[in-house]
Each structure stands twice: as structure tokens, then as C-alpha cells.
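Student: I have a structure to look at and would like to learn how to read its features. Could you take me through them one at a time?

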Number of protein chains: 2
Amino acid sequence: MPLDPSRVVSRLEELRSLTGDVNGEQRVAWTETWAKGRAWLAESLADLPLDVERDEAGNDWYTLHGDSDRAVLIGGHMDSVPNGGWLDGCLNVLAGAEVLRRVAEEGTPPVTVRLVDWADEEGARFGRSLFGSSAAGGSMADQDELRKLVDGGGVPLPEAIAAFGIDLGRAVDARSQLESAAAYLELHIEQGPVLESLDLPLGAVLGTFGVERWRITWKGQAAHAGSTPMEQRRDALAGAAKLALAIRDIARDTGDGAVCTSGGVVCKPGIVTSVVETAEQLLDQRHLDPGKLASMLARAQELSRGFAAEERIDVDWERLWSIEPILFDDTLIGLADEAIREVAGSSHRLPSGPLHDAAEVARAGVPTVMLFVQSLRGLSHTKLEDTRPEHLELSVAALDRLATKTIDWIATG
Amino acid sequence: MPLDPSRVVSRLEELRSLTGDVNGEQRVAWTETWAKGRAWLAESLADLPLDVERDEAGNDWYTLHGDSDRAVLIGGHMDSVPNGGWLDGCLNVLAGAEVLRRVAEEGTPPVTVRLVDWADEEGARFGRSLFGSSAAGGSMADQDELRKLVDGGGVPLPEAIAAFGIDLGRAVDARSQLESAAAYLELHIEQGPVLESLDLPLGAVLGTFGVERWRITWKGQAAHAGSTPMEQRRDALAGAAKLALAIRDIARDTGDGAVCTSGGVVCKPGIVTSVVETAEQLLDQRHLDPGKLASMLARAQELSRGFAAEERIDVDWERLWSIEPILFDDTLIGLADEAIREVAGSSHRLPSGPLHDAAEVARAGVPTVMLFVQSLRGLSHTKLEDTRPEHLELSVAALDRLATKTIDWIATG
């Protein structure tokens with residue numbers, strides 16, 4: 001049977017009716033609904049000659065053995081955020097399953113082909129994303145930190161995953177899964193507006209942005225809004241306002257997709273009759289080039305010190321989180337471009353703002369690439385998340401072509 | 001006995017030990033501690049030939065009858081905010097009591113002199129300030145609105161004041177108290193940094209600022225901080241940041257003591273990974289000139305519409321509260337200046353940013369003036385509120401001189 005992209009769209013709809021409700025998808029990792037979705041996936045692949053295995057981190061592997069043990073991996077994640085969209089994560093898996101079926105039905109491939117359904121990409125329940133892929137990739141954070149995580153109901157992470165047969169202490173043993181990996185492919189919705197604005201269905205992803213995430217605290221002096229002359233004020237909000245505007249210039253001056261965001265300012269005392277004493281500002285900066293990312297941060301910090309001096313207030317920077325840029329494989333990016341052009345006429349190369357399981361695999365040294373398919377209005381992590389069915393079908397066809405090219409590359413390499 | 005300004009400082013300390021604790025003064029209106037402070041005041045005046053009366057709004061009047069029924073009023077308030085300072089409100093009353101004692105001990109004055117201790121100036125328990133003076137002045141808000149007010153423990157205002165013998169329905173009958181009023185004098189701490197910055201102990205107050213108080217809602221579009229290019233964003237925080245900076249130019253360009261404050265911005269969703277969709281911004285503008293106040297508001301609104309257009313976001317203005325400027329009496333301002341110069345060498349005229357009971361009396365048509373005494377670091381409504389004892393004594397002496405000048409003016413007018 002040849003590849004049937006339309007079947008993937010039907011399967012996505014079937015999954016939605018099985019694990020969604022009026023508010024959206026509910027396949028939060030380490031819940032029964034998630035397990036139901038994964039069991040439904042396994043059942044759909046039961047007729048193929050696959051080895052099926054759940055690894056020590058809870059990742060599900062569907063292996064089609066080839067003439068060589070060197071393996072081409074196709075990945076995705078069945079888990080969703082609460083009230084999630086119908087595509088984020090499961091499009092990747094179901095498209096991969098369709099490709100695996102097509103390859104399997106053609107007989108034994110020259111290299112091994114494996115579909116992986118990563119455990120807990122979203123981190124929705126415990127606030128820790130990329131659980132399964134970071135365990136397999138070898139970057140899983142200090143396990144003492146994971147042990148302390150509890151969900152909203154007070155259940156500790158180790159207890160929640162134990163209910164699914166996972167022993168946190170052994171999760172990093174999932175690293176053995178990547179020993180034979182020769183390439184990793186992942187399709188995902190863009191979750192941004194770039195492809196839609198270019199009127200293109202598909203793009204080849206260059207890598208994931210490096211991220212600098214900081215909390216900036218501006219400290220001035222509370223003072224009565226009626227009795228304090230303007231020139232005697234030390235207004236913390238003024239510093240935050242200047243920086244909120246300046247970071248936009250930093251992003252535009254840096255270019256190459258640079259983004260800087262101030263996601264919020266919390267003002268204290270925050271009442272109409274007082275000058276703001278303390279303003280806590282969130283900052284997120286992203287770039288694909290580590291040097292440019294470092295420059296953006298340095299410039300924001302330098303400007304902030306100038307603003308603090310102008311306003312006679314204090315400024316303090318606290319790093320919340322950071323990650324370096326992770327670049328995908330040049331050869332695979334070229335193959336992805338070819339595959340996209342063959343099915344859609346033209347391609348576009350773009351970075352990924354959000355992180356993905358692919359970043360963990362690439363960090364582990366496995367040649368990696370992603371395909372993005374257009375998102376309508378850039379929306380995701382909401383039931384409003386959507387992509388045109390014809391674009392979904394094109395994305396399955398492109399992943400299939402990319403898989404064929406990658407198998408050839410690995411087989412002959 | 002001549003005037004004894006140092007006795008006022010001793011009495012303030014005595015009151016603090018009676019009704020304060022480690023956190024500050026606790027004479028919140030309509031509480032037992034407040035009643036205790038008021039009873040202590042009444043007792044201290046019991047030896048003087050005064051008529052003592054509590055009016056329908058709970059204001060306490062101490063009347064020294066003179067040759068004429070035309071009355072010079074000296075006012076203040078014994079109530080404080082929770083954890084309040086040792087001067088706000090009660091300095092005025094205790095200084096007035098000292099002046100009344102001095103006048104009484106000199107025999108029958110040519111005009112009647114009355115000390116008034118207004119009920120619930122602060123509005124700390126029910127969020128409605130100037131209760132007693134607005135009842136007497138005739139501007140008391142819609143009583144249906146007052147009937148709905150409840151304190152933090154769920155007690156309705158009518159019930160709380162009934163416990164002190166006050167019938168809300170009859171409170172406005174307190175208006176009769178001002179029928180004989182010929183002048184109103186009030187001493188108060190500045191609650192701002194102006195006199196301290198000029199190194200002056202005392203100032204004559206020109207009136208209370210008009211106030212425009214608004215909530216401004218900026219509405220953009222939430223978007224992923226990683227996947228949304230800068231040029232495709234509609235960032236609500238950008239509008240709020242631009243306005244927070246622009247209002248400072250508006251105040252400086254307007255001059256004459258103009259102040260504009262943005263006391264806070266609340267951002268939604270307010271997370272580090274999203275462009276701000278909604279920013280709710282507080283704005284407070286004040287001026288002594290109604291035309292200039294109106295211009296400041298119009299300019300802020302016009303600028304905000306420009307910012308909204310630049311950022312492709314929406315802006316909406318909602319008035320929270322406003323009051324017109326209330327100007328004090330020119331003749332009394334001149335007498336206050338004279339009195340200050342006589343006791344302190346030099347005077348300074350300044351507007352009041354905060355409202356006071358004096359504003360309600362002036363609005364009712366009674367010639368009014370206030371004296372400000374220097375506040376250290378501009379602090380009030382905190383136990384850190386303070387004024388040097390020598391400045392407190394000068395303020396009592398100045399109030400006494402002003403009372404004498406005002407009695408002469410009314411007697412001969």
C-alpha cells in the first residue's frame with residue numbers, strides 16, 4: 001500500500017474524539033488519558049513486523065529492523081498540554097507511523113527505522129519539559145531536582161511516574177536507545193506565524209534558538225502620587241518601561257530572527273496613589289547564533305544600568321534559565337529542503353523559537369532535522385490551534401520523502 | 001497661661017502610648033481604640049468653658065462662645081490609618097486644642113471659636129474617606145452607595161456607625177454645623193518632601209489639587225516569545241511603557257506643581273514566554289488649575305491613541321474617580337503667610353496633593369486655609385512618619401498666630 005497522507009488526518013480526528021473534550025486535548029503526560037492515547041497508537045501498529053519497547057524513561061519505541069542496525073529515528077510525542085490543540089506532538093507521531101507503515105510494507109529496509117513516542121515533552125504536570133528525550137539524550141538535569149517536583153495536587157513526580165512503571169533513578173538508562181541512531185527526523189507544527197505570512201505550507205528548520213531568560217528587579221522609592229514633585233521621584237516603573245521599549249531595538253538591530261520579549265512587569269505597591277517602588281520585569285531573548293545572543297544580553301544589561309542611573313534607581317538581574325542554540329545537521333537540512341520542494345514547490349529555512357525533543361537528540365550528537373508545517377494564526381497550546389488539512393497532508397508526504405532520502409544517505413554513507 | 005507649644009508634643013507622645021503599638025497608631029475610625037483617643041481628648045478639655053457636642057455624622061465639636069455667633073473653626077481628625085503615623089490628623093486636633101485653651105484663658109473672644117474633630121477622615125475601614133466633613137460640607141456621596149460598603153470582616157458601614165450612635169440616614173443633618181462658620185483653619189503635616197527640600201519648617205497651602213484617576217486598558221495579542229517575529233507582534237506592554245514615560249513629560253511641560261503618576265501596570269498572561277496581551281495601567285494626574293488638569297488629561301489620551309496606532313493595539317480609558325481643584329481663601333492664605341513669617345522667618349506657598357477635610361469645608365463655601373509643617377522624608381501613613389519636635393512647636397505657634405489674625409479679621413470684617 002502506498003503512503004496515504006489523508007489517513008493521518010482521519011487518525012488525528014479519531015484521536016481527538018478519543019482523548020479530547022470541549023476544551024481541547026487532554027493527554028497530559030502521566031495521566032490515564034495519555035495512556036489511552038498511547039495504547040490506541042500501539043494497537044494501530046500491531047499488524048506491522050515491529051519490535052515494541054518502552055524504555056527506562058517511558059519513551060515508546062517501534063522498531064522496524066533493517067539490513068543494518070544503524071537507525072533512522074522519526075519522533076514525536078503523544079502528550080499534550082491541558083486544553084491543548086489537536087496537532088502539537090501527535091501529528092509528528094501519527095505522520096511517523098504512516099511513514100513507518102509505508103516503509104514496512106515495501107519489505108526490509110537497508111537500515112533500521114524506528115518511531116519514538118517521547119514521554120512528557122510538554123512538562124505540563126510538573127513544569128519540567130522534554131523529560132523522556134532529555135533522559136535518552138543524556139542531558140537530564142540533576143535528579144535531586146526532579147525528585148522535588150510536585151504537581152498541583154501535591155503528588156511528587158517520582159510517585160506519578162512510578163504509577164506508569166518508571167523508576168526515576170533508572171530513567172537515564174534510556175541513553176542506550178541512541179547508541180545506534182544515525183539520524184533523527186521530526187515533523188511539527190510551526191507554532192508561529194512565519195510560514196503563514198509567507199504563504200508557504202512547509203519549512204526546513206535550522207535549529208532551536210538559544211534562550212536567555214531573566215528576572216530584572218528595579219528598585220526605586222514609594223512616594224505619594226499627590227505630594228511628591230516629579231523631580232524628586234525615583235520611579236521603578238520608568239526603568240522597566242525604558243527597557244521594555246529598548247529590547248525591541250536590540251532585536252531589530254541584531255536581526256537574523258532575533259526576538260526579545262518582556263512578558264510582564266509586576267509593580268509594588270501597585271496602587272494608583274503611589275509612585276512604583278519595585279518593578280519586577282521578565283525578559284526573554286532568543287537567537288540561533290550564540291555570539292549574537294550573548295551580545296543582545298550584554299546590550300540589554302548595559303542599557304539597564306544607564307536607565308537606572310538616569311532614574312536614580314537600582315537594577316538587579318537574576319537568570320531564570322538559559323540554553324545555548326542547538327543547530328541541526330547541514331546535510332539533513334539540505335535533504336529536508338529537497339523533500340519540501342518536491343511536494344510543495346518551494347521551501348523556506350527558519351529557526352525554531354520553541355524547544356523540541358529534536359533539540360535533545362541533536363545535543364546528544366545525532367544528526368537531526370525538523371520539518372515545520374504552517375500554523376494558522378500562529379496559535380498553539382490552545383484548542384484554537386489549527387492547520388489546513390491540505391497542508392497536513394503535504395507535511396506527511398514531505399516527511400515520507402525526507403525519510404526515504406535519509407535512509408538512502410545513511411545506507412550509502 | 002500663655003500658649004505652650006511643647007505641651008502639644010508631650011500630648012502627642014501620650015496619645016501614642018495610649019492608642020499605638022509597635023506597628024504604629026491604631027485609631028481606625030469606628031473602633032474602640034479610636035473612641036478611646038477621642039474620650040482622652042474630651043477629658044483634656046473638660047476644664048474649659050466649652051459647649052461639647054457630637055453631631056449627626058459623628059463629628060465632635062468643642063465650642064467657645066464669643067461676643068458674636070460667627071465662628072472661626074479649627075479642625076483635624078483623631079482617626080488614623082492602621083499602623084499609622086503619630087502626627088497625621090491628631091497634630092491638627094491637639095494643636096487646635098492648645099490654641100482653644102489659650103484663647104479661652106484670655107476670656108470671651110470677639111467671635112466664637114470652635115474646635116472640630118472630624119469623624120473618619122481616612123476611610124481606612126470602609127474605603128470612603130472624609131466621611132464626617134463631607135456630611136457637614138454637603139457633598140456626601142449618594143447614601144445608597146455608602147449603605148453597600150462593608151469592612152474586611154463583612155460588617156456593613158451602617159451597622160458599624162450605628163454602634164457609635166450614628167444613623168446614616170441623618171448624617172447629612174450635620175450641615176447645620178457650618179451655618180455660622182466664618183473661617184476654617186487646619187494644620188497638617190505636609191506628607192510630601194517639598195518643605196524639607198527647601199529647608200523650611202512651614203508653608204501656606206493654596207488649595208487641594210484636582211485629581212483625574214483612570215484605568216487604561218491596552219489590548220494586543222498574546223503570542224509565543226520564541227516563534228513570533230518582532231514585526232508581527234501586537235504588544236500591549238509597549239503602549240503602557242510609552243505612556244508611563246510620556247506622562248512625565250506632560251507633567252514637566254505643564255509645570256506649576258503638576259504631577260502625573262502611573263502607579264502600576266498589570267500584564268496578562270504575564271508569563272516569560274508570551275508577548276503581553278493585556279496591560280491594565282493606572283494613571284493619576286493632579287493640578288491646582290482646572291484648565292491645566294483638563295489639558296493634561298486630554299494630552300495623555302491623545303498620546304495614548306497615537307501609541308495604540310503605532311503598536312496596532314487597542315486602548316480604552318475608564319475613569320476611576322475625579323475631583324476638581326479646590327482653592328483656599330486668598331485673604332486667609334495671606335494671613336497664613338504672615339503668621340508663618342512671624343514665627344519662622346520665611347514662608348512658602350504650595351498646593352496640597354492629598355485631600356483633607358479642609359477641602360470639604362472650602363467646597364461648602366467657608367473661607368479656608370491650611371498650614372503645612374515639614375514631614376521628614378515625605379513619609380506618612382506609616383509608623384516612620386515624623387517631624388522634628390522644634391518644627392512641631394513652630395507649627396503650633398503659627399496656628400495660634402493665624403487663629404488670632406483670623407479672629408481679628410472676622411470680628412472686624
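Student: Which residue is the bridge partner of B:Ala204 in β15(B)?

Tutor: Strands here are DSSP runs of E, at least two residues long, numbered from the N terminus, and two strands pair if DSSP finds at least two bridges between them. In β15(B), B:Ala204 has B:Leu371 as its bridge partner, and strand β8 (residues 202–208) of chain B pairs with β15(B) in the antiparallel sense over four bridges. Strand β7 (residues 181–189) of chain B runs parallel to β15(B) and is joined to it by six bridges, with B:Ile189 opposite B:Val373.

Tutor: This is a predicted model, in which local features need pLDDT of at least 70 and side-chain atom pairs count only at pLDDT 80 or more, while totals for chains, interfaces and linings use all residues. Residues are numbered from 1 along each chain as its sequence is written, and chains are lettered from A and ligands numbered from 1 in the order in which they are written.

Student: Why is strand β15 of chain B largely enclosed by the rest of the structure?

Tutor: A residue is buried if 20 or more other C-beta atoms, placed from the backbone, lie within 10 Å of its own, exposed if 12 or fewer, and partly exposed in between. Six of the six residues of β15 (residues 368–373) of chain B are buried, so the strand is largely enclosed. B:Thr368, B:Met370 and B:Phe372 point one way, whereas B:Val369, B:Leu371 and B:Val373 point the other way.

Student: How is chain A divided into domains?

Tutor: Domain bounds come from an automatic or database domain assignment, which here gives domain 1 (5–208 + 325–412) and domain 2 (210–323) of chain A. Their C-alpha centres lie 36 Å apart.
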